[in-house]
Amino acid sequence: MASTVISPKHIFGFRCDVKDNLQFSEDSSIVYPAGHNVVLYSPENRTQRLIPGTLESEGITALCVSPNRRLLAVAERAEKAMITVYDLQTLKRRK
């Protein structure tokens, strides 16, 4: 029997309790938290790209985009606090 994978395509909402909760990326996308995700919304294309929160965390607490607008730091609450850095073009974690 084949299994089905569900993945979100669009997220509605906004978390107002996150520090610096509205940022802009290099390509003029709007970066904001919604639920347990970070949304990159492109007003030109009316599309969203999503960065899911880590499974162990209790939620996003802060966002920060680098001065060159290419990297995004996401702080999450967990038993041990986490900060993850993402490349905003590829949405992959940076080491």
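Q: What makes two strands a pair?
A: Two strands pair if DSSP finds at least two bridges between them. The model discussed here is a predicted one.

Q: Why do strand 3 and strand 4 count as a pair?
A: Strand 3 covers residues 37-42 and strand 4 covers residues 47-52, and six bridges link them in the antiparallel sense. The requirement is at least two bridges, so strand 3 and strand 4, with six, are a pair.

Q: What lies between strand 3 and strand 4 in their hairpin?
A: Four residues lie between these two strands. In this hairpin Arg46 takes a positive phi near 60°.

Q: Why do strand 1 and strand 2 count as a pair?
A: Strand 1 (residues 23-24) and strand 2 are joined by two bridges and run antiparallel. The rule asks for at least two, so two bridges are enough for strand 1 and strand 2. Gln23 stands opposite Val31, and Phe24 stands opposite Ile30. The hairpin of these strands has five residues between them, and Ser28 takes a positive phi near 70° there.

Q: How many bridges link strand 2 to strand 3, and in which sense do they pair?
A: Strand 2 and strand 3 have five bridges in the antiparallel sense. Pro33 of this pair stands opposite Val38 in strand 3. The hairpin here has two residues between the strands, and Gly35 in the turn has a positive phi of about 65°.

Q: What is the cover of strand 2?
A: Strand 2 (residues 30-34) is mostly covered, with four of its five residues buried.

Q: Why is Ser42 called buried?
A: Ser42 has 13% relative accessibility. Buried means under 20%, so Ser42 is buried. Its place is in strand 3. Leaving out residues up to four places away in sequence, Ser42 touches Ser29 and Thr47.

Q: Why is Glu26 called partly exposed?
A: Glu26 has 36% relative accessibility. Glu26 sits in the loop between strand 1 and strand 2.

Q: What does Glu26 touch beyond four places in sequence?
A: Glu26 touches Asn68, Arg69, Arg70 and Gln89. Glu26 and Val65 are 39 residues apart in sequence, while their C-alpha atoms are 9.5 Å apart in space.

Q: Why does the link between the side chains of Glu26 and Arg70 count as a polar contact?
A: The side chains of Glu26 and Arg70 are joined at 3.1 Å. The limit for a pair of N or O atoms is 3.5 Å, so the 3.1 Å link passes on distance.

Q: Which strands form the other open sheet described here, and which are at its edges?
A: Three strands form it in the order 5-6-7, with antiparallel pairing. Strand 5 and strand 7 (82-87) are the edge strands, each pairing on one side only. From one strand to the next the twist averages 25°.

Q: Why do the neighbours in this sheet count as pairs?
A: Six bridges join strand 5 to strand 6, and six join strand 6 to strand 7. At least two are required, so strand 6 is paired with strand 5 and with strand 7. Cys64 has Ala73 as its bridge partner in strand 6, and Gly59 has Arg77. Leu71 has Asp87 of strand 7.

Q: How many residues lie between the strands in the hairpins of this sheet?
A: The hairpin of strand 5 and strand 6 has five, and Arg69 takes a positive phi near 65° in it. The hairpin of strand 6 and strand 7 has four.

Q: What is Val31 in contact with, leaving aside neighbours within four places in sequence?
A: Among its contacts are Val38, Leu40, Leu63 and Leu72.

How values were computed:
Residues are numbered from 1 along each chain as its sequence is written. This is a predicted model: local features need pLDDT of at least 70, side-chain atom pairs count only at pLDDT 80 or more; totals for chains, interfaces and linings use all residues. Side-chain values use heavy atoms; hydrogens and water are left out. Contact means heavy atoms within 4.5 Å. Axes are lines fitted to C-alpha atoms, for helices over the stretch in contact, and angles run from 0 to 180 degrees between N-to-C directions. Buried means under 20% relative accessible area, exposed over 50%, partly exposed in between (1.4 Å probe, protein chains only). A polar contact is a pair of N or O atoms within 3.5 Å; within protein, one must be able to donate a hydrogen and the other to accept it, and residues adjacent in sequence count only if both atoms are side-chain atoms.
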